[in-house]
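I'd like to walk you through one protein chain, from its overall make-up down to a few single residues. Please have a look at it first.

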Amino acid sequence: METDTNWYLIDAKNMVLGRLSSFIAIRLMGKHKPTYKDNIVCGDKIVVLNAKQITLTGKKIEKKKYWHTGYPGGIKSKTFKEILNSKNSALVLKDAVKRMLKKGPLSKKQLKNLYVYSSEEHPHNANNPSTLKFN
């Protein structure tokens, strides 16, 4: 079943991570549309800019730790600030949205409609994305 998808552009500068990621997850699933079905990808395509300038509330910037185990016995932890200063700063927002989607093969298809960039440049100008205000 074909559904119409729209392209939206979100500027994540000075936005709170959790609130923005839940807003994006709802848009990716298509729950804001009256034609929502939970077994079909009916969401929109979303381009997020300035993911490097996203914020957290309170003291989570220094205290929140992300754990990664690449190999058995190789537990490594990084703070939120260290990840934002690295070259993979867009992964924080993408992982937060991924964890808010339903688990399964459908969520992988929905997550392909999310494009996150650390800076203002993006290659999706030909699709004419309209800006989406998040307050």
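Let me start with a term: helices (H or I, at least four residues) and strands (E, at least two) are DSSP runs, numbered from the N terminus. What you see is a predicted model, so local features need pLDDT of at least 70 and side-chain atom pairs count only at pLDDT 80 or more, while totals for chains, interfaces and linings use all residues. Residues are numbered from 1 along each chain as its sequence is written, and side-chain values use heavy atoms, with hydrogens and water left out.

First, the overall picture. The protein chain has five helices and six strands, and along the sequence they follow the pattern β-α-β-α-β-β-α-α-α-β-β. The C-alpha trace spans about 45 × 35 × 25 Å along its principal axes. How does the radius of gyration fit a compact globule? For 135 residues such a globule would come near 14 Å, and the protein chain has 16 Å, which agrees. That radius is taken over C-alpha atoms, and the globule rule is 2.2 Å times the number of residues to the power 0.38.

On to contacts, meaning heavy atoms within 4.5 Å. Among contacts between residues at least 6 apart in sequence, 68% join residues at least 24 apart. As for the surface, the accessible area of the protein chain comes to about 8,800 Å², and 52% of that belongs to carbon and sulfur atoms. Accessible areas come from the Shrake-Rupley method with a 1.4 Å probe, and for residues only the protein chains shown count as cover. I'll call a residue buried under 20% relative accessible area, exposed over 50%, and partly exposed in between (1.4 Å probe, protein chains only). Of the 135 residues, 39% count as buried.

Now the strands, where two of them pair if DSSP finds at least two bridges between them. In which order do the strands of the open sheet run? The four go E5-E2-E1-E6, with parallel pairing. Strand E5 (114–116) and strand E6 (130–131) are at the edges with a single partner strand each, so one side of each has no neighbour in the sheet.

Strands E1 (residues 7–11) and E2 (residues 45–49) pair in the parallel sense over five bridges. Within that pairing, Ile 10 has Val 48 of E2 as its bridge partner, and Asp 11 stands opposite Leu 49 in E2. Four of the five residues of E1 are buried, so E1 is largely enclosed by the rest of the structure.

There is also a hairpin. Strand E3 (residues 65–69) and strand E4 (residues 75–79) pair in the antiparallel sense over five bridges, and His 68 has Lys 76 in E4 as its bridge partner. Five residues lie between the two strands, and Gly 73 takes a positive phi near 80° in this hairpin.

Let's turn to helix H1, residues 17–29. Expected span is 1.5 Å times one less than the number of residues. For these 13 residues that gives 18 Å, and the end C-alpha atoms are 18 Å apart, which agrees. The buried residues of H1 include Leu 17, Leu 20, Phe 23, Ile 24 and Arg 27. After H1 comes Gly 30, with a positive phi near 90°.

That brings us to the core: a nonpolar core is a set of buried Ala, Val, Leu, Ile, Met, Phe, Trp, Tyr and Cys residues joined through side-chain atoms within 4.5 Å. Which members of the largest one touch the most other members? Of its 31 residues, they are Leu 17, Leu 20, Ile 24, Leu 93 and Leu 114. At least two residues each come from E1, H1, E2, helix H3 (80–84), helix H4 (91–100) and E5. H1 gives the largest share, seven residues. Leaving aside neighbours within four places in sequence, Leu 20 is in contact with Ile 10, Ala 12, Met 15, Ile 54, Leu 93 and Phe 134.

Asn 113, between helix H5 (105–111) and E5, is buried at 8% relative accessible area. Not counting residues up to four places away in sequence, Asn 113 touches Leu 28, Val 41, Asp 44, Lys 45 and Ile 46.

Asn 50 sits between E2 and helix H2 (60–63); its phi is positive, near 55°. Asn 128 lies in the loop between E5 and E6, with a positive phi near 50°. Are these two buried or exposed? Asn 50 counts as buried at 4% relative accessibility, whereas Asn 128 counts as exposed at 63%.
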